[in-house]
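I am opening a notebook page on this structure. The entries below record what I looked up.

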Amino acid sequence: MTDATATAQRQAQPIPKVAWRSLIVLLLGMFIALLDTTIVNVALPTIRTSLNASEATVSWIISGYALAFGLALIPAGRIGDRIGHKWVFFTGIALFTAASFACGIAQTDTQLVIFRVVQGLAGGIYVPAVTAFIQLLFPPQARGKAFAIMGSVIGVSSALGPIVGGLLIQAFGDTDGWRTVFYVNLPIGLVALVAAAILLPKRDPAAQRPPAGLDWIGVVLVSGALVALLVPLIQGQDEGWPLWTYLTIAGGVVLLAVFGAWEVFYSRRGRSPLVPPSLFKHPQFTGGVILALVYFAAFTSIFFTISLLWQTGLGHSALASGAVTIPFAVGSILGSSQSNRLSSRLGRTVLILGTALVAISLISLWLIFLLVKGADLTSWMLLVPLLIGGIGNGLFIAPNAQFIVATVDRKDAGSGSAVIAAIQRIGSAIGIAVIGSVLFGALVIPKAGKPTSNTPQAIADVKQAFAAEFATNFTTAAAHAMLVSAIFAVVAFALVFALPKRVGAPGRGAGSGSSPNARGGSAPVSPDVTGAGGGAGSEAAAPAGGSHGAHAADPAHPAEPVHAGHGSHAAEPSTSHGAHAADVEPDARP
């Protein structure tokens, strides 16, 4: 059979009903995972007041979730490849729903942080299954549409987070309203749980199983290293930067070096390392990984700073805090809706434009916070900068992973996607840790004056003067934090130029232009394959790297294993590092 004939058959093949049913279930899970990345920001000030939480705890609530999410992505993807993605998804959703309930009933700030870490771990467990199933169940001509739908869900859920959180807190009060921010996951999670058990197809028992085993030592080393780096960054400011904070950071750096050495050793033994060292033989990929780290550190911290400023510093309601970020959410939806088309036409220029707009946005916000007194600050002043930043974010988020994965060899595309997805989450965690430390470190609490008399008016005047000074000081501290975010964004803009000008350049990784029906090879990474699914890069292993598996759900080759490119490990059989995605026939029954 010629390549042209095989391609024509795939283009004509029908989309199995199980694919659309499964997509609905999968996107329910994706919805709550993404909702929780933004909905909690507006609840931070009320959580701090209600639980008498420390400044460090506020950072841990966001960073702990993001770090656990990122660290779980690669192991979870490989386990799904081995035992089947259905039950990995089911387990992750069950744990996420239970952790959401536990967050809602937490009685102390320590309990809340622990449950948030478990919640992030659960999200990292089941999210890789979403893109894996899309690759497995949808034929190539429909995969772009499925990823586009997923990208829309990502945009909508992220956009809804702040306003839904504000509405819930407004309705249920500042004392316990923040608990409903977590309870909102319960009905969605339960529906997804039941639907997953009934509707998601099982793994084909006759399908080829990938090699057993996981680099658990690598998991422990990299987890220990990142925790050792984050703990002092978050706790250091709260405790006055004692000696242990510097020693712990140094220990984290040493653990990272040990992790790198272990991965090289493990790979040379012919085993499957957590992060294949071969990825970093390509300087462009290394630059792309740093780009993902600093970009997500920059844009995730925007909402952290603004939410705390708007509520704690300026005394606005949670609803007002959610409303002020709407322009960014709208801009993100607009930008992501056009990013696929623009990346096809402009190539890398769309990433340059996106990071430039985000950098301009953050620099503008920094100048506004620096030059405008807190008492005079209004949401209208932030509207244009946030809209510009949102558009830039939408342009960047969707296609960025495609271009980074295109810098490595085809055989490493799946692993490269997994690394990028994990680095994005780790970047978010580091960004919050650094920005939180800068924000609270720069904040000067004014001393309350004494009233000239005991009259109500004199007491009210003192309170008003304190509030005005506190607002000014908090706005100044927010300016310091936003400056750091802006620096991250400028660095990200510079790093974009390390990426290839276009995805699909000859001789290069995932975009090497291999034949779409090449057996065991990688399909080209191109915008028309991944659609808007690149937007999953914010939470999931981007599908861009994972156009692996030319015959996903291909009836023309029923006996051929499907190598899912869900960003977890769609490596070729000949590679030492790759597990193959579980095979799911298009007509598989639940």
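**Salt bridges, then a helix pair**

I started with the salt bridges and counted 3 of them. The model is a predicted one, and I kept that in mind throughout.

Entry on Asp36. I found Asp36 in a salt bridge with Arg116, and the closest N and O atoms are 3.2 Å apart. This pair links distant parts of the chain: Asp36 sits in helix H2 and Arg116 in helix H6 (residues 109-137), 80 residues apart.

Entry on Glu55. Glu55 forms a salt bridge with Arg48, with 3.6 Å between the closest N and O atoms. I looked up the accessibility of each partner. Glu55 has a relative accessibility of 22%, so it counts as partly exposed. Arg48 has a relative accessible area of 22% and is therefore partly exposed.

Entry on Arg179. Arg179 forms a salt bridge with Asp176, and I noted 3.2 Å between the closest N and O atoms. Arg179 has a relative accessible area of 11%, so I filed it as buried. Asp176 is partly exposed because its relative accessible area is 41%.

Entry on H2 and H9. Asp36 took me back to helix H2. At what angle do H2 and H9 pack? Helix H2 (residues 17-38) and helix H9 (residues 185-199) pack at about 150 degrees, and their axes are 10 Å apart. H2 is therefore roughly antiparallel to H9, as angles over 145 degrees are put in that class. I also noted that the crossing of H2 past H9 is left-handed.

Next I listed the residues that meet. On the H2 side they include Val18, Arg21, Leu28, Phe31 and Asp36. On the H9 side they include Asn185, Ile188, Gly189, Ala192 and Leu199. Sorted by class, the contact of H2 with H9 has 12 nonpolar, 3 polar and 2 charged residues.

Entry on the whole chain. How many helices and strands are there in the protein chain? I found 19 helices and 0 strands. Of the 590 residues of the protein chain, 59% count as buried. I also checked how far apart in sequence the contacts reach. Among contacts between residues at least 6 apart in sequence, 82% join residues at least 24 apart.

Terms used. Residues numbered from 1 in each chain as written. Predicted model: local features only at pLDDT ≥ 70, side-chain atom pairs only at ≥ 80, totals over all residues. Heavy atoms only, no water. Axes fitted to C-alpha atoms, helices over the stretch in contact; angles between N-to-C directions. Helix = DSSP H or I, 4+ residues; strand = E, 2+ residues; numbered from the N terminus. Parallel < 35°, antiparallel > 145°, perpendicular 65-115°, else oblique. Left-handed = near helix turned anticlockwise from the far one by under 90°. Contact = heavy atoms within 4.5 Å. Nonpolar A, V, L, I, M, F, W, Y, C, P; charged D, E, K, R; others polar. Salt bridge = Lys/Arg side-chain N within 4 Å of Asp/Glu carboxyl O. Buried < 20%, exposed > 50% of the residue type's maximum accessible area, 1.4 Å probe, protein only.
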